[in-house]
Amino acid sequence: MPSSDEVKVACLFDLDGTLLDFEEASFGALNTALGDLRDPSTGCEVTGKMHVSIIGTRKEHWSKQLLEEAKVPPSKLTPEQYVKNWEKALEAQYPKLGLMPGTIEMLAFLKKHSIPAALATSSDRATCDQKLAYQKDIRDAMQFVITGSDVDNGKPAPDPFLAAAKGLGVPIEKCVVFEDAPSGVKSGRAAGATVFAMVDKRFSDGSHEWFGLADEKLDSLVDAIPLLTKMLEK
């Protein structure tokens, strides 16, 4: 890896929904985790809108939020048990998770140009390791990994991306953050990085206000390659 003085750009990636196609599996598991309590006729379910609102946040936060919105009292299902149910429903999905569009091309581009890269995910260390165990290409492309277990303040605070940049030894001003979630875009912006927001058309049309905080709004990681090329040529 080149020295920090030689580096023109470094890339800091969110994992779920940015490199790894995780959110659709997660959405299904969020409803499965409600068990027999799920009843769409009474509003006791996780809707697509609810799911989008919690992408990129910590499980101790989203579990409480979703149960409150689904009108499930703690006496019937605690946030802690809800998370356990969700994790159990997801475990069988980890080996089957695919990559987001453009991930393979992006990883090849990073390798070709020796661009420093790190992960900054809201997942805890154990969960992140479970996912990466089946994603050798992603794991091998990253020189540093920051998880929700490694920082006191998760996204939208700037801590995860600041820690990732520090781990790479690259000033945050030289870093590009790739994010698909509002909390992540806000985190990257607060950290002082350039921010590329990824639009997953299954969950968003890209019109949400938070997309306006990003420097670029992209449909695929492939769309970022010409932009990174220009940065390298400066």
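Analyst: Glu-87 is partly exposed, with a relative accessible area of 22%; partly exposed denotes the range between buried, under 20% relative accessible area, and exposed, over 50% (1.4 Å probe, protein chains only). The model is predicted, so local features need pLDDT of at least 70 and side-chain atom pairs count only at pLDDT 80 or more, while totals for chains, interfaces and linings use all residues. Residues are numbered from 1 along each chain as its sequence is written, and side-chain values use heavy atoms, with hydrogens and water left out.

Glu-87 meets Lys-59 in a salt bridge of 2.7 Å, N to O, the term denoting a side-chain nitrogen of Lys or Arg within 4 Å of a carboxyl oxygen of Asp or Glu. This pair links distant parts of the chain, 28 residues apart: Lys-59 in helix H3 (residues 59-69) and Glu-87 in helix H4 (residues 79-91). Helices (H or I, at least four residues) and strands (E, at least two) are DSSP runs, numbered from the N terminus. Lys-59 is likewise partly exposed, at 23%.

A second pair joins Asp-215 and Arg-189 at 2.9 Å, N to O. Asp-215 lies in the loop between strand S7 (194-198) and strand S8 (216-218), and Arg-189 in helix H9 (residues 182-191), 26 residues apart. Asp-215 is partly exposed at 40%, as is Arg-189 at 32%.

Lys-131 forms a salt bridge with Asp-16, with the closest N and O atoms 2.6 Å apart. Here Lys-131 belongs to helix H6 (residues 125-132) and Asp-16 to the loop between strand S1 (10-13) and strand S2 (20-21), 115 residues apart. Both Lys-131 and Asp-16 are buried.

Asp-14, Lys-155 and Glu-179 are linked in a salt-bridge network. The whole structure holds 10 salt bridges.
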